Structure formats: structure tokens, C-alpha cells
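Please look over the structure below before reading on.

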Amino acid sequence: MAFLQGSLLDTADDVALHGLAHGLTRTTLARGAWVDYRPGWLAGAEHVFDVLRHDVPWHAERREMYDRVVDVPRLLKFYDEDEPLPHPVLAEARGALSDWYAAQLGEPFVTAGMCLYRDGRDSVAWHGDRIGRARNLDTMVAILSIGSARSLMLRPRGGGESIGFSLGHGDLVVMGGSCQRTWDHCIPKTTHAVGPRISIQFRPRGVR
């Protein structure tokens, strides 16, 4: 299993996005998939975390799984394309990503899904964002992470060697190519003492 270490805690006072031209690295995966990684993309992420944790109307969900209804082990909020985002830097980030990947993606990122992982018991199981067009077409999902570092793991769909990214305050990962169709990703539970983390997932229209 390969594992990539994320950035240290960002303590910058000013909230700002760093450039993508420097510090962005691409890992080419099998089956036409790839992952871009930019540690420390968002400066001042601690302030943004505090705002989002307080201002976002987080809610819990229950879902049917294995013939029973269970609690989703994280809190959620989805911002559709016509909803204002809860911090101006998120709109700036979405626009910057749309501009940077315009030639490859061919359309802008328009939605922002958010997950609040309260501690190490919160997680998301292996999955791909295959609802909608991503079931049959290549697309991109960009994830901005703020809060305590957690592991984002990826493995080929159907099993195989995994690769991991430790995502901390202000780190960015972008999954592209066939990644959603041919690979799965997860945030595993951990017994280590970790604080809360917020994940912001930017997606194009019709991808969930």
C-alpha cells in the first residue's frame, strides 16, 4: 500500500488560496484514472473550519444497508448550484478549480457537498461517485479538506493495491479520468485520537 503524507496544520491568519501551478502533483492510476494532490492549497483553513462548523446547517441521515436502516456515520450538507456557499473562499475555490481544469473537464464545477467527520468513529465506506453521468462517463471530483488530518484511501474497483493520502488543513485532492468508475475511495474509521474534519466536494452538474 502506498501512502502520501499531507501538509502540517496551516496556521495562517489570512484566508487565501495558493496557486495551482506550483505544488500540484499528479499520480497516474490504472484503467485511465488519475489523482491530483496539492497540500496546503487553502491558507487560513482553521478560520474557515470554524465558520463552517458553526454556520452550516449540518444534518444526520439514515440509509438502508444490508436489509436494515443505519445511521450515516458523519453529518452532511449539500449545496446545489443555485445555493450560496457558506464562506466566500469556497466560491473562489470552485471558480479556481473550474478555470484550472476547464480544458480537461469541459464544464465548471457547480455543486458543493460537505461532510463533517466528528471524530475517528465517523467514516465513509468504499464507493465511487457513480450516481448520474459518472456511471458511464469520465468526470472529476475535487475535495478540499479542512480540520484534523484523515486518510483518503483509493483502490481499484473489485479489489487491488490501495493508495492513500493524508488530508489535513487546506489540502486538495482531485480525482479525474475514469477514477469514479474504475476506482473506489473511502475515509476509514480510526482508533487514533483525531479531531473533527470537514470535507468539501466540488462536482460538475449531474454527478453525485
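**Briefing on the chain**

The accessible surface of the protein chain comes to about 10000 Å², and carbon and sulfur atoms hold 52% of that surface. Accessible areas are computed by the Shrake-Rupley method with a 1.4 Å probe, and for residues only the protein chains shown count as cover. This is a predicted model, in which local features need pLDDT of at least 70 and side-chain atom pairs count only at pLDDT 80 or more, while totals for chains, interfaces and linings use all residues. Residues are numbered from 1 along each chain as its sequence is written, and side-chain values use heavy atoms, with hydrogens and water left out.

**Overall build**

- The protein chain has four helices and 16 strands. Helices (H or I, at least four residues) and strands (E, at least two) are DSSP runs, numbered from the N terminus.
- The C-alpha trace spans about 45 × 40 × 35 Å along its principal axes.
- Of the 208 residues in the protein chain, 50% are buried. Buried means under 20% relative accessible area, exposed means over 50%, and partly exposed lies in between (1.4 Å probe, protein chains only).
- Among contacts in the protein chain with a separation of 6 or more, 79% are between residues 24 or more positions apart. A contact means heavy atoms within 4.5 Å.

**Salt bridges**

- Side chains of opposite charge can pair when their charged atoms come close.
- The whole structure contains seven salt bridges. A salt bridge is a side-chain nitrogen of Lys or Arg within 4 Å of a carboxyl oxygen of Asp or Glu.
- One of them joins the side chains of Asp 36 and Arg 26, with N and O 2.7 Å apart. This pair links distant parts of the chain, with Asp 36 in strand β4 (residues 33–38) and Arg 26 in strand β3 (residues 25–28), 10 residues apart.
- Asp 36 is buried because its relative accessibility is 3%, whereas Arg 26, at 39%, is partly exposed.
- Asp 138 and Arg 181 form another salt bridge, the closest N and O atoms being 2.5 Å apart. Here too the pair links distant parts of the chain: Asp 138 is in the loop between β10 (124–127) and β11 (141–147), and Arg 181 is in helix α4 (residues 179–182), 43 residues apart.
- Asp 138 is partly exposed at 47% relative accessibility, and Arg 181 is partly exposed at 25%.
- Arg 121 and Asp 119 also meet through their side chains in a salt bridge (2.7 Å, N to O). Arg 121 is exposed, with a relative accessible area of 62%.

- Arg 150 belongs to strand β12 (residues 150–156).
- A polar atom of the Arg 150 side chain lies 2.8 Å from the backbone oxygen of Asp 122.
- The backbone oxygen of Pro 188 also lies 2.8 Å from a polar atom of the Arg 150 side chain.

- Arg 203, in strand β16 (residues 197–203), is buried because its relative accessible area is 8%.
- Not counting residues up to four places away in sequence, Arg 203 touches several residues, including Phe 109, Met 140 and Arg 208.
- The side chains of Arg 203 and Asp 129 are joined by a polar contact of 3.0 Å. A polar contact is a pair of N or O atoms within 3.5 Å; within protein, one must be able to donate a hydrogen and the other to accept it, and residues adjacent in sequence count only if both atoms are side-chain atoms.
- Arg 38 is in strand β4 and is buried, with a relative accessible area of 12%.
- The C-alpha atoms of Arg 38 and Asp 171 are 6.0 Å apart in space, although the two are 133 residues apart in sequence.
- The side chain of Arg 38 reaches the backbone oxygen of His 22 at 3.2 Å.
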